[in-house]
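Please read these notes with the sequence and the model open beside you, and check each point against the picture as you go.

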Amino acid sequence: HHWADKPRGLKEVARVLRPGGSFILADLLWPGWIRWLVSDAHPSAPNLEILEKMLRLAGLPMQTHSRMTHGFITVTASIKS
């Protein structure tokens with residue numbers, strides 16, 4: 001959520017990561033039940049579908065995804081294709 005241009009940031013990660021290399025992302029990903037409360041404060045926060053698409057388009061397909069802390073913190077693992 002700190003990157004102004006998330007797709008570009010993920011493409012840069014993919015550029016410097018060797019093939020088969022792992023990328024682990026821990027970030028806020030608002031659960032649907034609270035998303036409407038924070039949408040004004042965090043309008044660019046992606047949901048899981050958007051995150052998965054951004055990772056795939058960057059060449060970092062999602063391997064696993066886990067929610068922690070009542071769904072507010074997510075850990076996503078990708079492997080460069």
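1. Met68 stands opposite Ile73 in strand 3, and the two strands concerned, strand 2 (residues 62-68) and strand 3, run antiparallel and are joined by six bridges. Strands here are DSSP runs of E of at least two residues, and helices are runs of H or I of at least four, numbered from the N terminus; two strands pair if DSSP finds at least two bridges between them.

2. Before going further, please note that this is a predicted model, in which local features need pLDDT of at least 70 and side-chain atom pairs count only at pLDDT 80 or more, while totals for chains, interfaces and linings use all residues. Residues are numbered from 1 along each chain as its sequence is written, and side-chain values use heavy atoms, with hydrogens and water left out.

3. Strand 3 (residues 73-79) also pairs with strand 1 (residues 22-28), in the antiparallel sense and over seven bridges, and within this pairing Ile24 stands opposite Ala77.

4. Ser78, which lies in strand 3, is buried, with a relative accessible area of 1%; buried means under 20% relative accessible area and exposed over 50%, with partly exposed in between (1.4 Å probe, protein chains only). The side chain of Ser78 reaches the backbone oxygen of Leu60 at 3.1 Å. Leaving aside neighbours within four places in sequence, the residues in contact with Ser78 (heavy atoms within 4.5 Å) include Phe23, Leu55 and Leu60.

5. Which residues of helix 1 are buried? They are Lys6, Gly9, Leu10, Val13 and Ala14, and seen down the axis of helix 1 they fall within an arc of 140° (taken from the directions from the helix axis to the C-beta atoms), so they line one face of the helix. On the other side of helix 1, Arg8, Arg15 and Val16 are exposed, whereas the cover over the buried residues includes strand 1 and helix 3.

6. Gly9 has a relative accessible area of 16%, and its C-alpha atom is separated by 10.0 Å from that of Met54, 45 residues apart along the chain.

Methods
Polar contact = N/O pair within 3.5 Å; in protein donor to acceptor, adjacent residues only side chain to side chain.
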